[in-house]
Amino acid sequence: MSIGQAHTFNHYQGVVPLTPVPLPHRIGRVPVLAPHFQRRDLPELPPSAHGGPPMILAGTAGTGKSQLAAQHAEEAWERGDLQLLLWIADATRESVLAGYTQAAQDLLGRAFFDPAEGAQAFLNWLRPAGGTTPRPWLIVLDGVTDPAELGDELWPPASPAGQVLVTSRRRDFPQAVNPVIVPVRSYTRKEAVAYLQRALDLGEAAGVADRGPAALVDRVGPLPESLAQAVRHIDAEGIDVLTYVGRLDDRTTDVSHRDAPWWLSIEAANGIDPVGVAYPVLLLACTLAAQGVPQQVLSSAPALELLQELREGHPAAPRTGWLLTAAEVGRAVRVLHDLSLLDIHQQAGHAVVRVEPPVRATVRPRRDEVFRARLGVESLPDPEGRLALGAAEALQAAWPEVEADAVLAGLLLESARALSRGAGLAMLGHDGIHEVGFRAGRSAGEWGRYEEAELFLRELAEDAAADFGDPENYDVLQVRSCAAGWHGAAGDDEGAAAELAELYEAQTRLFGPSDRSSLSTRHRLAWLRLSARDWSAPGPRADLAAVLRERTRVLGPDAPDTVATLFAVVEALVVQEAGTVDGPDVEAALDRLFGSGHDESVDWVSLTTALVAEMARVLGPEHPDTLRATRLLATTQMFARDSEAALDTVTTAVAAARRALGPDHPVTLGLRQQTALVQDDRGLSDVAVAGLTSLLADQERLLGPDHPDTLDTRCRLLAIRPDPTDTAKADQVIQDYDILLADTRRVFGPDHRRSLALLDALARCQAEAGRKVAAVVTLAELAARCARVLGADHPKTLVARGMLAWRQGEAGDPVGAVVALASVLTEQTRVVGPEHADTFFTRHNLAWYRAEAGDLAGALADFRRLLPDRERAAGAADDDIEVTRIALAYWERKAGRPKPG
């Protein structure tokens, strides 16, 4: 059976710049000064931020280093000393790279998706060229734990206009030139008492008011952070200082002086209605991401079940018939917020709960002890494991099946990563990896973050293999297969296919070829082999057909995996560059969509219409995969030259994607690209260019310049070329093609299908601009690469050889063109048949250059045989017939005699 098809389009433009922000500019969140911030005499810290050596505020935890740095930065900003203030919190190598990259993007108006490149661009900006106006800057690296992480390459340059301020427990910063070490110690006893008197509004009165602050300092020490928490608790409870000290003595003798105020606040929160809930909520939040946890995770059904279990150990908790509710969890979160134990902020419409670092540092090391001694949870054999499992299940329950929000997806992924690195997702499943690990990797990939998805899954597989002691564990192999799939999606199809082939061998050996995981790997392997080399490759096409039939048998026709393979089969068919296609994949797709009694031939629009209807029935009309199938439908409508129908289809799909997935989802971006292509097909090139240019800017920002979708949009933009007679514009397009070809080769490799397609497009552009010899050189490379990669008899290799011969004739060598075309014609007749469109094209060119070479009689005879053959051939394009008719008439006029009859 066969399906008719027209051509697909594959063309690639330069990066659209962002807008640089004006100066002065702030980047990063400077901590708000504490309500009762106490100035200290630090003569080493100059009042001005203009230049000078690096300043290192060094001291133990809780001494107020960050507050002093914030005071210094804010005062310099308020005085107008600075053009740039960059504050980087928790300054690890990763966060410094991210902060520098953000600064480079803001200041230079460029997107940097390689953090090292962005960091270097920012450091270069800090070095003003001679004769330019200085731009005063201050960089604060807050909370550096390991100076060696920064290295010399991330240390800001010495500058008369700039200053570096570091807070750290460490003093050894070898990369800093002549740093000034500013020791930051705890308050003196006198300073601590004065702070408490002012913060608690006790004045200078003698008696109890005077003894209270002193007693509190003696009990918890003079550490600013501990004293500040004590003040917050005293204010919240409305008690006097000596009462607070008495509570510390009664209830926290088992904890350090530094942690005592935090524990007293935690216990106070746990005693407030809803009783016994606050501390379990705090434990759960600390188990997940430090950056913040969406509050909906804490109130999901598995979270409520877990928190109820933990609550039951509290002596005042309800005992029977009382199930914890989401509203009660919300109240507990508010209590913890009121006692400064966590922060609640809105992020893209989501309530996000963040436990402050001092609280996490107090809670996390002593969870097991607290489970038993404070919560009274004696019945749980593994309270730590139960907490981690409950956190994983809460995260899984809160994860939407279809994500319409990139911010929420990122927050959930961070929590999955924290859980994986903390408790280990491998140990939470039943002899396998918890499902939330698979969901997290899939989420990152579906948002186009292929490298992030791969990295997460590879770390998960490595940890699981070590935990299970078995590198061939079922889930380990499955996670590795997912990781390899995303690796291929990012560009390395060949490398990913090689890895998947090894995994498939192991899975079929251990679990059988019909196992679900084996079928998933076989699906990915077939797809990547098609994507890397040739969409018409019979072996991978047959593999996809086999997977479709086997998944239908094993999982059922409506299983998501089965539908995914059905979509892949049809998509691979649509993107083939052939007039008609047939094979086992065609048979499998038609059987699935039309039943076993379908017609022998189905047109492309009917095929994709049936696909969209089936996916809408199974998955829903606004599911991402249904919308991707709708894009295929619009493509085939363009093939059928029904651009009005294509525009209606894609316009409706874009609206649905924006509504269901949001404007930043890769599916929405892809539909926007299709809209522009339809507009170009309708002759509205200016509208298409505007749409693609806007899309490219969004893809650069959201996906990165090396993402396959971004590269594809650059190609599509270049395909809408200006008039080739405009030499200056044509030269620019050729230059842009050269740049894009280099980028594509770097991402995909020189022999990848995309790289070969770009060689073809570049040669066409060169020829149209009059650079005929350059076009011959480009096509010679294309023909050689096709022969090596696809084989000498592959139809695309023969087409490349035919194009080379054609351009050779255009460049002034008609005899050489005739010789080469005659050879190609012989091979095409044998390989694809005498009535294939490629064969007709070669016959036409051979006749033309026979005439150009002087054999006019032979050329006319060839044209006269070709014209009726083309007219008779099924599926011959009217345009091709007309071209041959015009050519025959032209050479007949040249010969001086009209056409016979």
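In this predicted model, helix α7 buries P224, S226, L227, A228, Q229, A230, V231, H233 and I234. The helix covers residues 224-237. Its 14 residues, at 1.5 Å a residue, should span 20 Å. The end C-alpha atoms of α7 are 20 Å apart, which agrees with that expectation. An α-helix has 3.6 residues a turn, so residues three or four places apart point the same way. G238 follows α7. The phi of G238 is positive, near 70°.

Helices α34 and α35 form a pair. Helix α34 comprises residues 772-789, and helix α35 comprises residues 795-810. Their axes come within 9 Å and cross at roughly 160°. Angles over 145 degrees count as roughly antiparallel, so α34 is roughly antiparallel to α35. The crossing of α34 past α35 is left-handed. On the α34 side, the contact is made by K772, V776, L779, A780, L782, A783, C786 and A787. These meet K796, T797, A800, R801, M803, L804, R807, Q808 and E810 of α35. By type, the contact residues of the two helices comprise 10 nonpolar, 2 polar and 5 charged.

P24 sits in the loop between β1 (2-4) and β2 (25-27). P274 belongs to the loop between α9 (260-270) and α10 (278-287).

Positive phi values also occur at residues other than glycine, among them D90 and A348. For D90, phi is about 45°. This residue is placed in the loop between β4 (84-88) and α2 (93-108). The relative accessible area of D90 is 48%, so D90 is partly exposed; the exposed class requires over 50%. For A348, phi is near 50°. The loop between β9 (342-347) and β10 (350-355) holds A348. Relative accessibility reaches 52% at A348, which therefore counts as exposed.

How values were computed
Residues numbered from 1 in each chain as written. Predicted model: local features only at pLDDT ≥ 70, side-chain atom pairs only at ≥ 80, totals over all residues. Heavy atoms only, no water. Axes fitted to C-alpha atoms, helices over the stretch in contact; angles between N-to-C directions. Helix = DSSP H or I, 4+ residues; strand = E, 2+ residues; numbered from the N terminus. Parallel < 35°, antiparallel > 145°, perpendicular 65-115°, else oblique. Left-handed = near helix turned anticlockwise from the far one by under 90°. Contact = heavy atoms within 4.5 Å. Nonpolar A, V, L, I, M, F, W, Y, C, P; charged D, E, K, R; others polar. Expected span 1.5 Å × (residues − 1). Buried < 20%, exposed > 50% of the residue type's maximum accessible area, 1.4 Å probe, protein only.
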